[in-house]
Amino acid sequence: MRLLPAPSSQSLRLLFLFIFVMGVAPYPALTAGCPDRCVCDDQLVVQCAGQELTLFPNDLPLATRQLIISNNNIGELPALQLNYLSDLVYLDVSNNTLIEISESTFGNLRKLAYLDLSFNTLTQIEDRTFGPLSSLVMLRLTDNLGLNEIHPDAFSENMALQVLDVSRNNLTTLNISSLIALPSLRSLGLSGNPWRCDCETEDLCLWVQIEGFKFQDEGQTVCQGPPEVSGQRLAEVGMQLRADCHQGLGYWDYLFFIAIGFVIFSAGTVSAWVMGVLMVLYERYNKRKGEDMDSDDEEERHMGGGMMGGGHQGNGDLNKAGMQV
Ligand SMILES: *[C@@H]1O[C@H](CO)[C@@H](O)[C@H](O)[C@H]1NC(C)=O
Ligand SMILES: *[C@@H]1O[C@H](CO)[C@@H](O)[C@H](O)[C@H]1NC(C)=O
Ligand SMILES: *[C@@H]1O[C@H](CO)[C@@H](O)[C@H](O)[C@H]1NC(C)=O
């Protein structure tokens with residue numbers, strides 16, 4: 001006899017959720033129903049926009065592929081209920097009152113391609129918030145007026161991400177170290193944020209300058225501070241920042257320049273020395289050659305004179321000897 005697969009803890013939780021949330025009697029929405037104030041069609045689209053909902057609709061068809069709950073007053077995305085919708089491809093939660101999104105919120109939405117969190121009241125995006133969304137292609141995260149912090153690795157696992165819009169938030173800086181590594185990213189909206197164009201945003205500004213085509217509304221992506229660059233486009237200050245921020249050279253730079261200077265200096269000294277030595281040697285050689293010729297002459301003269309003198313002397317000696325004899 002074949003054993004039935006043990007029910008996973010997830011399906012158990014699912015069962016309990018249905019029993020406790022929807023009452024003991026099976027609710028019609030479990031199979032083919034539709035949440036209150038929502039419209040569901042047979043394409044698995046659930047449309048609940050502008051219904052003054054304050055809670056996430058809790059009896060959604062499990063096979064829902066598109067869920068539109070925009071223009072409501074929903075303050076929280078409950079991870080448990082959301083993650084049963086494992087076929088969800090499209091989720092629009094724009095214009096609600098979401099305050100935070102946790103790491104587990106999107107834990108199971110591996111097919112989600114479109115996510116809209118615009119017009120909410122988020123203040124920060126943490127590490128790996130969107131990590132499980134491996135199919136995410138477009139993320140709209142605009143108009144969260146208090147949003148002033150996005151973790152450097154918030155999008156680092158969204159390898160499919162093509163369009164990211166963080167326009168009109170309260171961002172002063174954005175660490176792009178993981179963004180520039182996303183292979184598919186082709187459009188990034190940054191406009192309408194109070195960017196602070198100092199050395200901390202240098203990389204961002206340079207990126208906008210170099211790959212301007214990627215940036216939506218690049219013309220309205222401007223620095224709000226510091227005062228000397230206020231109102232200038234990020235792309236205009238990129239190169240300037242690069243120059244300014246690397247003006248104060250680091251220890252290694254100094255060491256490098258000292259080393260280079262020393263090499264040039266010593267090369268110059270050595271070559272001057274070698275030249276000097278060569279010239280001295282050459283001069284000496286020339287001199288010696290001249291001296292040798294001179295001394296040859298002298299020797300000859302000496303020898304001639306000697307002989308002559310000798311003769312003389314000899315004669316004299318002879319004379320003397322002759323006189324003596
Ligand atoms: C947000 O939703 C409200 C209704 O809840 C609507 O009146 C308002 O126009 C919407 N705002 C935007 C920007 O869509
Ligand atoms: C934006 O952030 C600044 C601090 O960087 C804060 O003082 C300001 O209140 C924020 N704006 C909003 C609308 O929350
Ligand atoms: C950006 O984030 C990465 C990874 O967290 C970090 O190593 C790097 O120093 C950060 N860059 C800046 C300019 O803060």
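Strand E9 (residues 163-165) and strand E10 (residues 187-189) pair in the parallel sense over three bridges. Here a strand is a DSSP run (E) of at least two residues, a helix is a DSSP run (H or I) of at least four residues, and both are numbered from the N terminus. Two strands pair if DSSP finds at least two bridges between them. Within this pair, Leu164 stands opposite Leu188 in E10. In general, strands of a sheet pair through backbone hydrogen bonds, either parallel or antiparallel.

The model is predicted: local features need pLDDT of at least 70, side-chain atom pairs count only at pLDDT 80 or more, and totals for chains, interfaces and linings use all residues. Residues are numbered from 1 along each chain as its sequence is written, while chains are lettered from A and ligands numbered from 1 in the order in which they are written.

E9 and E10 belong to an open sheet of nine strands, ordered E1-E2-E3-E4-E5-E7-E9-E10-E12, with mixed pairing. At its edges are strand E1 (39-40) and E12, each of which pairs on one side only.

A residue is buried if 20 or more other C-beta atoms, placed from the backbone, lie within 10 Å of its own. In helix H3 (residues 202-210), this applies to Asp203, Leu204, Cys205, Trp207, Val208 and Gln209.

The largest nonpolar core has 53 residues, of which Leu112, Cys197 and Leu234 touch the most other members. The elements that give two or more residues to this core are H3 and H4. Such a core is a set of buried Ala, Val, Leu, Ile, Met, Phe, Trp, Tyr and Cys residues joined through C-beta atoms within 7 Å. Apart from neighbours within four places in sequence, Leu112 is in contact (C-beta atoms, placed from the backbone, within 7 Å) with Leu88, Val89, Leu91, Phe106, Leu133, Ser135 and Leu136.

The ligands remain to be described. Gly50, Asn71, Asn95 and Phe119 surround ligand 1; a residue is near a molecule if its C-beta atom, placed from the backbone, lies within 6 Å of it. This shell has one nonpolar, three polar and no charged residues. Asp, Glu, Lys and Arg count as charged, Ala, Val, Leu, Ile, Met, Phe, Trp, Tyr, Cys and Pro as nonpolar, and the others, Gly among them, as polar. Around ligand 3 stand Pro152, Asn175, Ser177 and Glu200, and that shell has one nonpolar, two polar and one charged residue.

Definitions and conventions
A residue is buried if 20 or more other C-beta atoms lie within 10 Å of its own, exposed if 12 or fewer, and partly exposed in between; C-beta atoms are placed from the backbone. Two residues are in contact if their C-beta atoms, placed from the backbone, lie within 7 Å.
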